[in-house]
Structures are given as C-alpha cells and as structure tokens.
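Subject: Structure handover

Hi,

Here is the structure for you to look through. Please open it first, then read my notes below.

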Amino acid sequence: MKYRSVFDIIGPVMIGPSSSHTAGAARIGRVARSLFGREPKWANISFYGSFAQTYKGHGTDVAIVGGLLDFDTDDERIIHAIEIAKERGIKIRFIEEDAVPDHPNTARIIIGDHNGELELVGISIGGGKIEITELNGFELKLSGNHPAILVVHNDRFGAIASVANTLAKYEINIGHMEVSRKEKGKMALMTIEVDQNIDDNIIKELEELPNILKVTKIVD
Amino acid sequence: MFRNVAELVELANSQNKKISEIMIEQEVSVTGRSREEIINQMDRNLKVMEDAVERGIKGVTSHSGLTGGDAVLLQKYIEKGNFLSGETILDAVSKAVATNEVNAAMGTICATPTAGSAGVVPGTLFAVKNKLNPTREQMISFLFTAGAFGFVVANNASISGAAGGCQAEVGSAAGMAAAAIVEMAGGTPEQCAEAMAITLKNMLGLVCDPVAGLVEVPCVKRNAMGAANAMVAADMALAGIKSRIPCDEVIDAMFKIGQSMPTALKETAQGGLAATPTGRELEAKIFGMPLNEK
C-alpha cells in the first residue's frame with residue numbers, strides 16, 4: 001500500500017497547478033534541503049520523462065527551487081522561488097535529460113556549497129506523494145509502504161545500536177533496515193522503515209545522539 | 001485496513017457504519033493521531049476548498065491567459081434561469097471550473113486526489129450542499145468518503161496523469177465525488193460503490209494531453225465534465241441502477257488501460273489536444289516556440 005493516509009488523497013493543500021509536478025517537486029527539493037541541512041550555494045537540477053517535457057508549464061522548476069529554500073507545498077513564496085534564490089545568491093542550473101527513467105516524473109538534484117555537496121534522485125508518484133530512490137550514489141530500496149527515515153551518520157561502532165535503542169524506547173518497530181557506506185570510517189547511511197509514525201521530537205532526539213549527523217523523514 | 005472497494009463496503013455493512021466512518025477509524029489506527037486532530041485537519045482542507053471556490057466564481061485569470069472567467073460566465077447563466085440541464089449540476093460544474101481556474105492561476109487549492117483534478121470533489125460538494133443542507137460534520141464526512149474510494153484507486157491503480165492518463169486523475173476524482181454524493185444523499189455503501197463504478201466506466205481511456213504542458217486546456221473543462229458525470233452517476237445509483245462490472249474490476253481495468261496508453265498521451269504534451277495545430281500555436285505563443293523544439 002503506497003498510500004497510507006486519507007490526506008494523501010484529500011490533500012495536500014498546495015499552490016497550483018500540479019500535485020505531481022508542483023507539490024511533489026517542492027517536496028523532493030525540500031527533502032534535499034533537509035538532508036543537506038543548510039541553504040545550498042548552488043544547485044544542478046536534472047529533469048527526466050514528463051518532468052523534462054512539461055516542467056515549465058507546471059512550475060516544476062520554481063517548485064523544486066522553493067523546496068530547496070525550505071518552502072512547504074502551500075507556501076505562496078513558491079511562485080517567486082527562482083527570483084528569491086537569485087537574490088540570495090544561489091546559482092541554479094536546469095538540465096533536461098533525454099534518458100528514459102523508470103518513473104515518468106523523475107528529478108536528480110545536486111546541491112552544494114564550499115563545505116560539501118549532496119546528490120539525490122526523487123520521483124513524484126501522484127497526488128503530491130514522493131519517493132527518494134537514490135542518495136549520494138546509494139540506491140535506496142524503500143517499499144514506500146511504511147514510514148521511513150534516512151539517517152546520515154559517521155561510520156563508528158554503536159551508532160546503529162543507539163538509533164535502534166531510541167526507536168525501541170518509543171515502542172517503534174523497525175520493519176526493514178539497510179546500512180551502507182562508501183569507505184570504512186567515513187560517512188554512512190541508514191535507511192529505516194518502521195511500522196509507526198515517527199514524531200518530530202523523536203527525530204530531534206535521534207539527531208542529538210553521538211555520531212548522528214542528520215535524520216530526515218522521507219516517507220510519512 | 002481495507003484493500004479494495006468490496007472490503008470497504010463489507011466493513012461498513014458488517015459494522016453498520018458509513019464509509020466515511022470506516023475511513024476515519026482507519027486513519028486513527030494507521031497514523032496513531034487522535035480522531036479530533038484528523039477531523040480538524042479535514043475541516044481545514046474543506047476551508048481551503050471553500051475559499052478556492054469563492055475566489056474562482058468571482059473570476060481569476062491564469063498567467064498564460066489560457067483559462068479563467070468561465071466559472072463567472074456559468075454562474076451568470078444560471079442566475080438568468082433559462083438553462084436546459086439543471087441548476088445543481090450546472091452549479092457543480094461552475095464550482096469545479098472555479099477551483100481549477102484558481103489552480104491554473106497558481107492559487108491555493110487542496111489536491112483531491114491531484115491538483116489537476118482538484119475541482120470535481122469540491123465542485124459537487126458545494127453544489128449538493130445547496131440542495132441537501134448538510135451540517136459542517138456531514139460536509140467533512142463527504143471528504144472522508146471521497147478519500148476512502150480515492151485511497152483504493154491510488155493503491156490498486158494510479159492517480160497520476162503521467163502514469164495513467166486523465167482517467168486516473170479526473171476519472172478517479174469523479175468516481176470519488178459520485179460515491180460521496182450518494183452517502184450524503186442517504187444512499188447505502190453498495191450504492192456508493194455503484195456510483196463510483198458507473199462514473200469511472202465513463203472516464204476509461206481518457207488521456208492526459210495538456211496544451212503547452214499547462215494544467216489548463218483541457219484540464220479545466222475535464223473537471224467540469226467530471227463533476228457532471230459524478231452528479232448523473234450518483235442519481236443513477238440512488239435510483240437503484242447497478243454496474244454490471246464490479247467497482248474493483250473497473251478500477252483494475254483503468255489501471256491496465258493506463259499501462260498500455262502511449263507515453264505521448266500521458267502528461268508529456270506530445271500528443272492529443274497538445275499536438276493539434278491550435279495546441280501547438282498556443283504553446284508557441286506562450287513559450288516563444290514549441291516545447292519539443294527548444
């Protein structure tokens with residue numbers, strides 16, 4: 001069951017004109033922003049499939065930039081997001097890709113500043129609902145059927161256990177979990193699917209744990 | 001958790017509850033949020049819909065200039081009183097158009113189930129409101145019933161034009177609206193399902209071919225006809241007419257039709273009305289040149 005809540009169907013409240021191409025795009029941008037943890041200095045945004053064909057008409061470009069500026073789907077500043085980004089000195093480039101993606105509404109976002117960069121692939125599956133399929137070269141195998149969080153952490157002993165313990169304390173059951181890293185001792189990633197909804201205060205508590213760098217809810 | 005329409009109807013009947021109530025209870029159990037919180041959120045969504053309709057029937061114009069003002073024309077026409085079809089149906093059409101005109105103008109709307117199809121559910125709701133005089137609670141229930149049927153379609157088929165064509169968007173919205181109208185009018189859960197089936201059957205095969213890729217032409221008028229379709233199907237179901245093909249099988253047929261639909265007709269602005277001479281001309285006027293030659 002990809003859609004779990006009635007508000008996936010009656011909602012979101014959003015700025016028009018398209019739930020998948022505007023609201024979904026804003027949400028993909030906002031997940032990237034949230035994982036990056038700060039406002040980027042530059043962004044390269046690639047559109048695939050229907051996104052590439054119709055992004056101008058649907059305001060996909062302004063919406064995704066709005067998300068990068070941390071605007072929610074119903075924030076009217078989305079309409080002027082590209083101008084606002086320009087005023088804030090963010091360099092933005094849009095690329096229309098010819099490659100045929102697995103999903104018709106696919107965007108790849110690479111954002112960064114002098115301290116680092118982040119690459120993310122998101123798909124917009126309809127009605128404003130999104131899935132993140134790739135992060136920093138890690139392929140995410142999320143079913144999308146359960147609430148999920150991404151945890152960026154330092155590859156150290158105890159990091160995984162501390163996250164699992166905290167979730168256990170709140171009686172949150174882990175249904176599926178993947179841990180990946182590119183290099184021993186460097187940055188690593190936990191993808192955790194759970195059975196219960198995770199409140200924002202739990203996310204905050206997870207972030208305060210040692211060696212945990214960033215926690216983001218990617219599926220509600 | 002109900003997985004299809006048959007289970008939804010069975011749950012409602014076995015517990016002697018309305019479909020809206022089954023949806024509310026499932027939401028409580030899945031999210032762990034309180035009933036009050038959930039109903040309040042739906043009330044806020046209802047307010048957004050109300051505001052969009054009010055704004056639209058006063059008149060808006062989109063940035064491209066392609067759409068806007070038709071809701072006003074229809075309201076004035078209804079006021080004159082010499083219409084042919086019927087006041088409630090035309091009011092529904094006008095309010096569906098109003099919502100989508102606001103959407104096209106990058107206004108604030110509530111997706112039901114998507115933004116491109118956001119007119120049908122509120123359009124029918126606010127028209128039927130004048131006929132049935134529901135309480136605020138009953139109007140909120142209308143949205144939960146619509147949501148329950150949309151939930152089944154989204155999980156078993158698709159509500160995305162890019163994945164399933166317009167039948168998945170306006171088709172789903174119209175089916176959801178028809179079911180919700182039936183419940184508000186006092187129909188049974190079975191009649192809700194029949195109304196959804198009858199509506200969706202008549203939306204099968206509808207392609208997504210937006211001119212210039214904008215959610216305007218033909219989206220606004222497809223919302224108009226989605227609302228009209230929902231109203232008529234609701235009356236048919238309330239009269240006791242049944243769909244020979246069960247609702248779940250209609251939803252499955254819609255999914256399969258969507259899968260076999262060519263990409264050119266699924267929100268890529270490459271085929272259908274988007275590729276007509278006038279469609280291309282409008283596109284060139286708005287973007288300086290056709291999208292596929294830029």
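How many aromatic pairs does a search of the whole structure find? It finds six, over all chains. Please keep in mind that this is a predicted model.

One pair is worth a look. The ring centres of Phe47(A) and Phe51(A) are 5.9 Å apart. Their planes stand at 90 degrees, so this pair is edge-to-face. Both Phe47(A) and Phe51(A) are buried. They also belong to one aromatic cluster, together with Tyr55(A) and Phe94(A).

Next, the sheet in chain A. It is open and has six strands. Their order is β3-β2-β4-β5-β6-β7, and the pairing is mixed. Which strands stand at the edges? They are β3 (91-96) and β7 (138-139) of chain A. Each has a single partner strand, so one side of each has no neighbour in the sheet.

Strands β2 (residues 42-48) and β4 (residues 105-113) of chain A are antiparallel and share seven bridges. Take Asn44(A) as an example: its bridge partner in β4(A) is Ile110(A).

Helix α1 (residues 19-36) of chain A touches β4, β5 (116-126) and β6 (129-135) of chain A. The direction of α1 makes about 150 degrees with that of β5(A). Helix α2 (residues 49-58) of chain A touches β2, β3, β4 and β5 of chain A. The direction of α2 makes about 110 degrees with that of β2(A).

Now the cores. In soluble globular proteins, nonpolar side chains tend to be buried together. The largest nonpolar core here has 88 residues. Which of them touch the most other members? They are Ile10(A), Leu143(B), Phe149(B) and Ile251(B). Helix α9 (residues 166-184) of chain B gives the largest share of this core, 13 residues. There is also a second, separate core of 44 residues. It includes Leu35(A), Tyr55(A), Ile109(A) and Leu189(A).

Look again at Ile251(B). Leaving aside neighbours within four places in sequence, its contacts include Val5(B), Val152(B), Asn156(B), Met196(B) and Leu200(B).

Helix α11 (residues 219-238) of chain B has 20 residues. It reaches 28 Å from its first C-alpha to its last, close to the 28 Å expected at 1.5 Å a residue. Is α11(B) largely enclosed or largely open? Of its 20 residues, 14 are buried, so α11(B) is largely enclosed by the rest of the structure. After the helix comes Gly240(B), with a positive phi near 105 degrees.

Some backbone details in chain B remain. Two peptide bonds to proline are cis:

- Thr112(B) to Pro113(B) has omega at about -5 degrees. Pro113(B) is in the loop between β1 (108-110) and α6 (120-132) of chain B.
- Val217(B) to Pro218(B) has omega near 10 degrees. Pro218(B) is in the loop between α10 (189-201) and α11 of chain B.

Two residues other than glycine have a positive phi:

- Asn133(B) has phi near 45 degrees. It is in the loop between α6 and α7 (136-156) of chain B. Its relative accessibility is 61%, so Asn133(B) counts as exposed.
- Ala212(B) has phi near 60 degrees. It is in the loop between α10 and α11 of chain B. Its relative accessible area is 0%, so Ala212(B) is buried.

Best wishes

Technical notes:
Residues are numbered from 1 along each chain as its sequence is written. Chains are lettered from A and ligands numbered from 1 in the order in which they are written. This is a predicted model: local features need pLDDT of at least 70, side-chain atom pairs count only at pLDDT 80 or more; totals for chains, interfaces and linings use all residues. Side-chain values use heavy atoms; hydrogens and water are left out. Helices (H or I, at least four residues) and strands (E, at least two) are DSSP runs, numbered from the N terminus. The expected span of a helix is 1.5 Å times one less than its number of residues. Buried means under 20% relative accessible area, exposed over 50%, partly exposed in between (1.4 Å probe, protein chains only). Two strands pair if DSSP finds at least two bridges between them. Contact means heavy atoms within 4.5 Å. Axes are lines fitted to C-alpha atoms, for helices over the stretch in contact, and angles run from 0 to 180 degrees between N-to-C directions. A nonpolar core is a set of buried Ala, Val, Leu, Ile, Met, Phe, Trp, Tyr and Cys residues joined through side-chain atoms within 4.5 Å. Rings of Phe, Tyr and Trp (its six-membered ring) pair if their centres lie within 6.5 Å; planes under 30 degrees apart count as stacked, over 60 as edge-to-face and the rest as tilted.
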